[in-house]
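Here is my note on the model, as numbered points. Please read it with the structure open.

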Amino acid sequence: LLPPRFLEIEAVSKDNNLPDSVSRRAILLIAKSAFAASPHLEMQRLADRLSALRPGAIVRFAFTEQGTPSLREALSDLLDEDVDNVVIMPLVLPMEPSFHIWLTKSLKRWKSTDERSWPALSIARDIASSALMVPLLGELLETSAELDVPPGQKLFTEGSLVPAQKRRVLVCEGGACNSAGADTIWTHLRNQQERRKLRVTGDGTMTAKSTCLGPCNLAPVLQVFPEGTYYGGVTEEAVDRIITEHLLGDEVVEDFAYHPTGRKQRLRTPSKQY
Ligand code: FES
């Protein structure tokens with residue numbers, strides 16, 4: 001077995017070596033997305049099993065793209081519970097380097113904007129690096145079952161509803177926007193879309209990720225249709241305002257809006273938070 005290693009966000013306190021109950025350790029399992037109830041239950045089952053393995057530790061789960069609680073919400077709850085350290089365990093396969101960069105930047109940004117007392121944070125390394133990965137693959141191979149598809153079976157074509165929603169928000173996931181924290185914006189927007197029932201409220205809003213929308217130096221960028229309004233330097237707080245004022249109130253949020261002028265534009269309030 002490889003020794004347990006953690007990528008430290010900051011020096012983990014010496015308490016890390018103490019039993020979980022003494023050092024008040026929390027373990028946060030994170031996955032990217034869950035749309036239905038069953039993946040949430042699966043995460044809960046994993047958390048329960050880890051709890052049994054590490055009695056005394058607080059074990060929770062969270063999602064980084066879509067699903068509740070989001071990572072930020074789960075961390076916020078732990079801040080109120082007076083824990084000494086939080087170990088974040090990404091259950092993401094494969095884990096792209098950009099995911100780790102995004103995670104580290106987001107944690108630092110959230111910490112810098114939340115004045116509560118923070119525990120030491122650390123990130124467990126990725127699943128693929130585990131020495132148990134190969135035996136696991138072997139075990140999974142043994143579980144394969146033949147798919148029963150009779151030859152000559154006709155596939156029938158399912159129908160689709162054409163959405164009635166009149167609004168659409170595109171969140172840019174191009175390179176510049178990704179580096180500037182587009183995933184955080186996407187997670188927040190999707191969770192708010194669920195909470196505030198945006199699909200069926202007002203004119204109805206659909207959301208989607210897109211490739212580069214054009215004004216990369218204004219990253220992170222999103223665009224609201226049908227007007228086609230560009231928003232730049234978007235933060236979670238900006239998303240909240242865009243929802244309330246633009247999607248539901250039909251008023252462009254000029255603080256974050258950039259209109260076509262035929263000239264290059266710079267961010268009015270350059271954001272260093274990512
Ligand atoms: S990468 Fe987002 S606008 Fe170009």
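1. R116 and its partner. This is a predicted model. R116 counts as partly exposed, at 29% relative accessibility. Its side chain forms a salt bridge with D114, with the closest N and O atoms 2.8 Å apart.

2. Salt bridges overall. How many salt bridges does the structure hold? There are 12. One of them joins K209 to E65, with 3.2 Å between the closest N and O atoms. K209 sits in strand β7 (residues 205-210) and E65 in strand β3 (residues 58-66), so this pair ties together parts that lie 144 residues apart in sequence. K209 is partly exposed, with a relative accessible area of 36%. E65 is buried, at 13%.

3. E236 and R72 meet through their side chains in a salt bridge, at 2.9 Å from N to O. This pair links distant parts of the chain. E236 belongs to helix α8 (residues 236-247) and R72 to helix α3 (residues 71-79), and the two residues are 164 apart. Is E236 buried or exposed? E236 counts as buried, at 5% relative accessibility. R72 counts as partly exposed, at 26%. R109 belongs here too: R72, R109 and E236 are linked in a network of salt bridges.

4. The largest nonpolar core. This core has 23 residues. Those touching the most other members are L28, I30, L75, V86, L103 and L107. Which elements give two or more residues to the core? They are β2 (25-33), β3, α3, β4, α4 and β5 (120-124). In soluble globular proteins, nonpolar side chains tend to be buried together.

5. V86 in detail. Take V86, one of the core residues that touch the most other members. Neighbours within four places in sequence are left aside here. V86 is then in contact with A26, L28, L75, L78, P119, A120, L121 and S122. Two of these contacts, L28 and L75, are also on the list of core residues that touch the most other members.

6. A second core. A separate nonpolar core holds 18 residues. Among them are V171, W186, L222 and I243.

7. Cis peptide bonds. Please check two places by eye. The peptide bond from L93 to P94 is cis, with omega near -10°. P94 is in the loop between β4 (85-90) and α4 (97-113). The peptide bond from A219 to P220 is cis as well, with omega near -5°. P220 is in the loop between β7 and β8 (222-225).

8. Positive phi. K197 is not a glycine, yet its phi is positive, near 50°. K197 is placed in the loop between α7 (182-195) and β7. K197 counts as exposed, because its relative accessibility of 53% is over the 50% cut-off. D250 also has a positive phi, near 60°, and is likewise a residue other than glycine. D250 lies in the loop between α8 and β10 (257-258).

9. The second largest pocket. Its volume is about 330 Å³. The lining comprises 16 residues, and those closest to the centre are P215, L218, R263, K264 and Q265. How does the lining of the second largest pocket divide? It has 7 nonpolar, 6 polar and 3 charged residues.

10. Rolling a probe the size of a water molecule over the atoms shows where empty space is left. A search of the whole structure finds 1 cavity of 30 Å³ or more. The largest cavity has a volume of about 30 Å³. Which residues line the largest cavity? They are G232, G233, D255, F256, Y258, L267 and T269. By class, this lining has 3 nonpolar, 3 polar and 1 charged residues.

Technical notes:
Residues numbered from 1 in each chain as written. Predicted model: local features only at pLDDT ≥ 70, side-chain atom pairs only at ≥ 80, totals over all residues. Heavy atoms only, no water. Salt bridge = Lys/Arg side-chain N within 4 Å of Asp/Glu carboxyl O. Helix = DSSP H or I, 4+ residues; strand = E, 2+ residues; numbered from the N terminus. Buried < 20%, exposed > 50% of the residue type's maximum accessible area, 1.4 Å probe, protein only. 1 Å grid on protein atoms, 1.4 Å probe; cavity = no way out; pocket = protein on both sides within 12 Å on 5 of 7 lines; lining within 4 Å. Points joined across faces, edges and corners; volume = space filled by probe spheres on them. Nonpolar A, V, L, I, M, F, W, Y, C, P; charged D, E, K, R; others polar. Core = buried A, V, L, I, M, F, W, Y, C linked by side-chain atoms within 4.5 Å. Contact = heavy atoms within 4.5 Å.
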